[in-house]
Amino acid sequence: MNQYMKVSPEEAYRARDGVIKIHGEEGFAGMRKAGRIAAEILDDLVPHVVPGVTTGELDDMVREQALRSGSVPATLGYRGFTHSCCTSINQVVCHGIPGDTVLRDGDIVNIDVTVIVDGWHGDTSRMYLVGDVSIKAKRLVDVTYECLMLGIEQAKPGNFLGDISHAIQSHAEKNRYGVVREFCGHGLGRLFHDSPEVVHVGQAGTGPELKPGMFFTIEPMINGGKAGTKMLSDGWTAVTRDRKLSAQFEHSIAITETGCEIFTQSPKGLNNPPY
């Protein structure tokens with residue numbers, strides 16, 4: 001079976017079957033709209049991510065803004081998840097569940113938002129600094145953002161997924177951080193999670209070749225200590241095994257004829273804190 005398949009917007013609803021979808025201009029238009037709305041929601045949260053706010057209040061803001069923008073939160077009801085975003089604080093690696101937790105001065109928090117607009121998914125996350133954050137925590141956040149952007153630099157036709165993975169792993173480990181293995185980026189479009197899997201560790205020149213029309217996320221999770229994670233009893237929240245800090249950034253991108261397009265770039269330029 002061919003590893004790649006050109007698809008129309010209607011065919012893009014095909015269930016995940018290991019084939020990497022190659023999208024046309026209608027797909028690009030749909031993803032630009034969805035990605036922009038997701039990025040705007042993260043922009044709008046900036047003045048609200050402060051000491052004293054609860055993660056549940058932030059989740060309410062995400063849901064209300066998504067609906068006002070003509071989109072639907074993709075995580076709301078997804079596989080039993082009952083919230084509109086994920087809020088991952090300090091040692092939480094990913095998929096933190098919003099609720100009564102109050103943000104405290106010095107926390108770092110990742111907010112992960114995915115919206116559906118006209119059937120297309122815009123998926124993105126950013127780190128936020130809550131109040132007065134330590135130099136150690138800010139450095140982890142900065143290096144994680146650098147990992148994302150170094151990975152994106154390798155996202156161009158003729159390169160391979162392994163080139164993205166290698167760039168991320170090399171930079172993180174050069175700074176003595178651990179790169180999470182258990183979670184990865186993914187293809188997306190009309191499906192929330194599709195092929196290919198985009199792991200954040202690997203060898204250059206390996207994996208599927210990058211071709212124009214591929215849509216996927218890059219979302220490195222970088223730990224301040226070792227790479228290991230464990231799942232909490234709620235079945236969603238992943239935390240660092242050594243209880244050290246973790247950070248993550250995520251963009252949805254497309255491979256173009258000359259490089260890549262970032263669908264979820266902040267319209268206000270609020271890409272890496274402090275904002």
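Tutor: A charge sits over a ring if NZ of Lys or CZ of Arg is within 6 Å of the ring centre and within 35 degrees of the ring normal. The structure discussed here is a predicted model.

Student: What makes Lys 211 count as lying over the face of Tyr 4?

Tutor: Lys 211 is at 5.1 Å from the ring centre of Tyr 4, and the cut-off is 6 Å. The distance therefore passes, and Lys 211 is listed as lying over the face of that ring.

Student: How many salt bridges does a search of the whole structure find?

Tutor: The search returns 12.

Student: Why is the contact between Arg 32 and Glu 25 called a salt bridge?

Tutor: The N to O distance between the two side chains is 2.9 Å. The cut-off is 4 Å, so the pair qualifies. Arg 32 and Glu 25 also belong, with Glu 261, to a network of salt bridges.

Student: Why does the pair of Asp 43 and Arg 126 tie together separate parts of the sequence?

Tutor: Asp 43 lies in helix H1 and Arg 126 in strand S7, so the pair joins parts that are 83 residues apart in sequence. Asp 43 has a relative accessible area of 3%, and Arg 126 also has 3%. Buried means under 20%, so Asp 43 is buried, and so is Arg 126.

Student: How do you know that the span of helix H4 agrees with its 14 residues?

Tutor: The expected span is 1.5 Å times one less than the number of residues, and for H4 (residues 161-174) that gives 20 Å. The end C-alpha atoms are 20 Å apart, so the two values agree.

Student: Why is H4 described as mostly covered?

Tutor: Of its 14 residues, 10 are buried, among them Leu 161, Ile 164, Ile 168 and His 171. The buried residues pack against helix H3 and strands S8, S10, S11 and S12. Just after H4, Arg 176 takes a positive phi of about 65 degrees.

Student: Where is Phe 183, and what makes it buried?

Tutor: Phe 183 is in the loop between S8 and strand S9. Its relative accessible area is 18%, and the limit for buried is under 20%, so Phe 183 counts as buried. Residues that Phe 183 touches include Cys 94, His 200 and Met 231. The C-alpha atoms of Phe 183 and Cys 94 are separated by 8.6 Å, although the two residues are 89 apart along the chain.

Student: How many aromatic pairs does the structure hold?

Tutor: There are seven. One of these is formed by Phe 28 and Phe 263, with 6.0 Å centre to centre and 70 degrees between the planes. Pairing needs centres within 6.5 Å, and planes over 60 degrees apart count as edge-to-face, so this pair is edge-to-face. Phe 28 lies in helix H1 and Phe 263 in the segment after strand S17, so the pair ties together parts 235 residues apart in sequence. Phe 28 is buried at 8%, and Phe 263 is buried at 5%.

Student: Why is the pair of Tyr 78 and Phe 192 called tilted?

Tutor: The centres of Tyr 78 and Phe 192 are 4.9 Å apart, with 55 degrees between the planes. Tyr 78 is partly exposed at 22%, whereas Phe 192 is buried at 11%.

Definitions and conventions. Residues are numbered from 1 along each chain as its sequence is written. This is a predicted model: local features need pLDDT of at least 70, side-chain atom pairs count only at pLDDT 80 or more; totals for chains, interfaces and linings use all residues. Side-chain values use heavy atoms; hydrogens and water are left out. Helices (H or I, at least four residues) and strands (E, at least two) are DSSP runs, numbered from the N terminus. Buried means under 20% relative accessible area, exposed over 50%, partly exposed in between (1.4 Å probe, protein chains only). Contact means heavy atoms within 4.5 Å. Rings of Phe, Tyr and Trp (its six-membered ring) pair if their centres lie within 6.5 Å; planes under 30 degrees apart count as stacked, over 60 as edge-to-face and the rest as tilted. Lists of a residue's contacts leave out its neighbours within four places in sequence.
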